[in-house]
Amino acid sequence: MEKLQKMVSEKPVVIFSKNSCCMSHSIKTLFVNFGVNPTIYELDEITRGKEIEHALAQLGCSPTVPVVFIGGQLVGGANQVMSLHLNRSLIPMLKSVGALWV
């Protein structure tokens with residue numbers, strides 16, 4: 001859990017993903033299309049990916065990918081990110097942490 005906290009606090013936007021997950025691909029594409037350069041951890045490719053996935057599950061993330069952190073704070077999965085986007089809260093949130101300057 002401590003390693004997870006360190007990972008999410010170092011960058012403005014962190015996405016935990018799996019290459020095999022289509023929703024992960026959609027969320028990564030959304031952020032990149034905004035002009036955000038998120039830090040992406042592919043849990044099916046990195047060392048200790050299973051351990052990190054377990055820590056995400058302990059935080060209440062279900063499913064465990066995609067999971068987005070903005071400004072070190074857990075935003076949630078695809079549903080939460082899309083809800084923020086649709087109610088026009090996502091862009092201001094990204095600007096507030098310096099991930100977007102437009």
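# Pocket, salt bridges and backbone features of a predicted model

Ser 20 is exposed, with a relative accessible area of 65%; exposed means over 50% relative accessible area, buried under 20%, and partly exposed in between, with a 1.4 Å probe and protein chains only. This is a predicted model, in which local features need pLDDT of at least 70 and side-chain atom pairs count only at pLDDT 80 or more, while totals for chains, interfaces and linings use all residues. Residues are numbered from 1 along each chain as its sequence is written, and side-chain values use heavy atoms, with hydrogens and water left out.

Ser 20 lies in the loop between β1 (13–17) and α2 (22–34). Helices (H or I, at least four residues) and strands (E, at least two) are DSSP runs, numbered from the N terminus. Between Ser 20 and Asp 44 there are 8.3 Å in space, C-alpha to C-alpha, and the two are 24 residues apart in sequence.

A salt bridge is a side-chain nitrogen of Lys or Arg within 4 Å of a carboxyl oxygen of Asp or Glu, and a search of the whole structure finds 4 of them. In one, the side chains of Lys 18 and Glu 53 meet at 3.1 Å, N to O. Lys 18 and Glu 53 are both buried.

A further salt bridge joins the side chains of Lys 28 and Glu 42, at 2.7 Å, N to O. Lys 28 lies in helix α2 and Glu 42 in strand β2 (residues 39–42), so the pair ties together parts that are 14 residues apart in sequence. Here too, both Lys 28 and Glu 42 are buried.

Glu 51 and Arg 48 form another salt bridge through their side chains, at 2.8 Å, N to O. Glu 51 is partly exposed, because its relative accessible area is 41%. Arg 48, at 44% relative accessibility, also counts as partly exposed. Arg 48 lies in the loop between β2 and α3. Its backbone deserves a look as well: Arg 48 has a positive phi of about 70° although it is not a glycine.

Which value does phi of Arg 88 take? Phi of Arg 88 is near 65°, a positive value in a residue other than glycine. Arg 88 sits in the loop between α4 and α5 (90–96) and counts as exposed, because its relative accessibility is 73%.

The loop between α3 and β3 (67–70) contains Pro 63, and Pro 66 is found in the loop between α3 and β3 too. The peptide bond from Ser 62 to Pro 63 is cis, with omega near 0°. The peptide bond from Val 65 to Pro 66 is cis as well, with omega near -10°.

Ser 62 and Pro 63 return in the lining of the largest pocket: with Gly 77, Ala 78 and Gln 80, they lie nearest its centre, among 15 lining residues. Two elements give two or more residues to this lining, β4 (73–76) and α4 (78–86). Of these, α4 gives the most, with 3 residues. On a 1 Å grid over the protein atoms alone, a pocket is an open set of points where a 1.4 Å probe fits, with protein on both sides within 12 Å along at least five of seven lines; lining residues have an atom within 4 Å of a point. The volume of the largest pocket is about 190 Å³, taken as the space filled by probe spheres set on the points, with grid points joined across faces, edges and corners.

By residue class, the lining of the largest pocket divides into 9 nonpolar, 6 polar and no charged residues. In this count Ala, Val, Leu, Ile, Met, Phe, Trp, Tyr, Cys and Pro are nonpolar, Asp, Glu, Lys and Arg are charged, and the others, Gly among them, are polar.

Helix α4 also holds Leu 84. Leu 84 is buried, because its relative accessible area is 19%. Leu 84 and Cys 22 are 19 Å apart in space, C-alpha to C-alpha, and 62 residues apart in sequence.
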